[in-house]
Amino acid sequence: MSWYPYNLDREAQRLVLKYRNDDVIKESHRMRTTVAYGLERFWGEHLRLLAKSDAKEQAKGRYWCETWQKFATIMTRTGITLPKNNVSNHDTEQIQAVAQELWNLSLEDQRICLAVLTQFCDSLVWWTQRYKRTGERE
């Protein structure tokens, strides 16, 4: 067995910097909290936010969506395939298919994903705290 860098910290930094000016990086704290509720709930949060008419809520949804897609890409390197295709909030069949795909992961793979997602979100929170703009409160 050899060590392989998955660059969680670097990917988290890139995401926080990309969304810093959209004033949505405080979502990192919410993401970290949501990990405890499971992969399906974490994945589905972007659908709720993107469906809102408020531009700021939609920006939060894009941040959540891109975080999931980056996470899924990271997990691909481990041999675990997660869904990362775009799904419409209006397409119930697509939503059910993704949820089922996540539920069909083996228990071991689910645990590995949640452990990595926890670390990834911890990195997002760390960078959020470093890069929050002057005057922003947590």
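Which side chains meet in a salt bridge with 3.1 Å from N to O, linking Asp-23 to a partner? The partner is Lys-56.

## What you are looking at

This is a predicted model, so to speak of local features a pLDDT of at least 70 is needed, side-chain atom pairs count only at pLDDT 80 or more, and totals for chains, interfaces and linings use all residues. Residues are numbered from 1 along each chain as its sequence is written, and side-chain values use heavy atoms, with hydrogens and water left out.

## Salt bridges around Asp-23

Searching the whole structure turns up 10 salt bridges, a salt bridge being a side-chain nitrogen of Lys or Arg within 4 Å of a carboxyl oxygen of Asp or Glu. Back to the opening pair: Lys-56 and Asp-23 meet at 3.1 Å, N to O. They link distant parts of the chain, 33 residues apart, with Lys-56 in helix H4 (residues 55-76) and Asp-23 in the loop between helix H1 (8-19) and helix H2 (27-34). Helices here are DSSP runs (H or I, at least four residues), numbered from the N terminus.

Asp-23 also has a salt bridge with Arg-133, where the closest N and O atoms are 3.7 Å apart. Here the pair spans 110 residues, since Arg-133 sits in the segment after helix H6 (107-131). How open are these side chains? Lys-56 is partly exposed at 38% relative accessible area, Asp-23 is partly exposed at 25%, and Arg-133 is partly exposed at 29%. The cut-offs are under 20% for buried and over 50% for exposed, with partly exposed in between (1.4 Å probe, protein chains only).

Glu-57 and Lys-60 are both buried. They also belong to a salt-bridge network that links Glu-27, Arg-30, Glu-57 and Lys-60.

## Aromatic pairs

The count comes to 6 aromatic pairs. The rule takes rings of Phe, Tyr and Trp (its six-membered ring) with centres within 6.5 Å, and calls planes under 30 degrees apart stacked, over 60 edge-to-face and the rest tilted. Tyr-19 and Tyr-63 have ring centres 5.0 Å apart and planes at 40°, so this pair is tilted. Tyr-19 is in helix H1 and Tyr-63 in helix H4, so the pair ties together parts 44 residues apart in sequence. Tyr-19 is buried at 6% relative accessible area, and Tyr-63 is buried at 0%.

Trp-127 and Tyr-131 form a stacked pair, 5.2 Å centre to centre with 20° between the planes. Both are in helix H6, 4 residues apart, about one turn of the helix. Trp-127 is buried, at 12%. Elsewhere, ring pairs join Phe-42, Trp-64, Trp-68 and Phe-71 into a cluster.

## The nonpolar core

The largest nonpolar core has 36 residues, and Trp-68, Phe-71 and Leu-82 touch the most other members. Such a core is a set of buried Ala, Val, Leu, Ile, Met, Phe, Trp, Tyr and Cys residues joined through side-chain atoms within 4.5 Å. The elements giving two or more residues to this core are H1, helix H3 (39-50), H4, helix H5 (92-103) and H6.

Leaving out residues up to four places away in sequence, Trp-68 touches Leu-39, Phe-42, Trp-43, Leu-82, Pro-83, Lys-84 and Leu-102. Contact means heavy atoms within 4.5 Å.
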